[in-house]
Amino acid sequence: MIRNIVIAALLALGMGGIAVAADAPTDPQIAHIAYTAGQIDIAAAEQAIKKSKNADIVAFAKQMEEDHKAVNDQALALVKKLGVTPEDNPTSQALSKAAADKLAVLDKLDGPAFDKAYIDNEVAYHQTVNGALSGTLIPAAQNAELKALLQQGLALFTEHQKHAEMVAVKFK
Amino acid sequence: MKTVILALAMVAVATFSAAATEYTIVIDKMKFGPPPATLHPGDTIVWQNNDILRHSATARDKSFDFDIPAKASATMTVGMAGTVSFYCKFHPGMTGTLVVSP
């Protein structure tokens, strides 16, 4: 199952062909994956806020930064409360690697080319994470509070995907 | 005399029907809950945000715009009769409609 997330994530980030085999993720791994996914979007938002001069892109990026920080703060509070230590795993590593590569690609772009590449990636990235949340992470989560937070995350990411699609239309 | 009583009764009915009612619209998991089926000018709506994120209740016609912090609420008095579409300005995928009868 975890392999599917990795493949989907890599495909979404334009890096097909790498696969990591593993069983269903454990709660400490799920917490790590969810947190990492949020941090990746925060890093992408910070880059966009710095580079873009387009008001729609900057406003969208600021919203991503604010929302994902809020969710990740909740995630940290929850793992602390539960006494769970998030555990690094191949999915988190693959996500981070693909995201770092994507940041490097985007860094070379400027102006409208950057704006379009950023917002298109936001649509694809949220779509991938939504698929992973609903298909793998939420069903695999054992702790009820973790599952509930992931469900909140899914609702948030789904709205973000919709929001990204609305912004992306302006860059066709 | 009968006319006076009738007139008084009509005033009483009019007063009763004009009494303001308070409704709550709950915002949860990035969605606005269902709006009240019947709304009249002067009624009160409490926008209750159960999410861990900041939301807004913003009218498309700009007749109202409330910022609602996480786990907080905002109270508004319903204005004129009509149909008003609203959304969250931070999360434009969140939408709803209020129908206000005279």
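**How many helices and strands does chain A have?** Chain A has six helices and zero strands. Along the sequence, its pattern reads α-α-α-α-α-α. This view comes from a predicted model. Of the 172 residues in chain A, 41% are buried. Among contacts in chain A with a separation of 6 or more, 77% join residues 24 or more positions apart.

**Close-up of the largest nonpolar core.** This core holds 42 residues. I30(A), A34(A), L137(A) and L150(A) touch the most other members. Five elements of chain A are listed as giving two or more residues each: helix 2 (27–51), helix 3 (55–82), helix 4 (90–107), helix 5 (111–140) and helix 6 (144–168). In soluble globular proteins, nonpolar side chains tend to be buried together.

**Close-up of L137(A) and its neighbours.** Which residues does L137(A) touch, not counting residues up to four places away in sequence? They are P25(A), I30(A), I33(A), A34(A), A132(A) and L150(A). Of these, I30(A), A34(A) and L150(A) join L137(A) among the core residues that touch the most other members.

**Close-up of the contact between chains A and B.** Nine residues of chain B meet twelve residues of chain A. On the side of chain B that touches chain A, six residues are nonpolar, two are polar and one is charged. For the model, ipTM is 0.79 and pTM is 0.82.

**Close-up of the four-stranded sheet in chain B.** The sheet is open, and its strands follow the order 5-4-7-8. Pairing is antiparallel. Which strands form the edges? Strand 5 and strand 8 (95–100) of chain B do, each pairing on one side only. From one strand to the next, the twist averages 20°.

Strand 4 (residues 55–59) and strand 5 (residues 65–68) of chain B pair in the antiparallel sense. Four bridges link the two strands. H55(B) has I68(B), in strand 5 of chain B, as its bridge partner. Five residues lie between the strands of this hairpin. In the turn, K62(B) has a positive phi of about 65°.

**Close-up of strand 7 in chain B and its two partners.** Strand 7 (residues 82–87) of chain B runs antiparallel to strand 4 of chain B, joined by two bridges. Here T58(B) stands opposite Y87(B). Strand 7 of chain B also pairs with strand 8 of chain B, again in the antiparallel sense. G82(B) has V100(B), in strand 8 of chain B, as its bridge partner.

The mean pLDDT of chain B is 86. Of its residues, 82% reach 70 or more. Which elements of chain B have the lowest and the highest mean pLDDT? Helix 1 (residues 2–18) of chain B has the lowest, 47. Strand 4 of chain B has the highest, 97. Over residues 6–17 of chain B, pLDDT stays under 50. For residues 6–17 of chain B, the model has zero contacts beyond four places in sequence.

Methods:
Residues numbered from 1 in each chain as written. Chains lettered and ligands numbered in written order. Predicted model: local features only at pLDDT ≥ 70, side-chain atom pairs only at ≥ 80, totals over all residues. Buried ≥ 20, exposed ≤ 12 C-beta atoms within 10 Å, placed from the backbone. Contact = placed C-beta atoms within 7 Å. Nonpolar A, V, L, I, M, F, W, Y, C, P; charged D, E, K, R; others polar. Core = buried A, V, L, I, M, F, W, Y, C linked by C-beta atoms within 7 Å. Pairing = 2+ DSSP bridges. Axes fitted to C-alpha atoms, helices over the stretch in contact; angles between N-to-C directions. pLDDT = per-residue confidence, 0-100.
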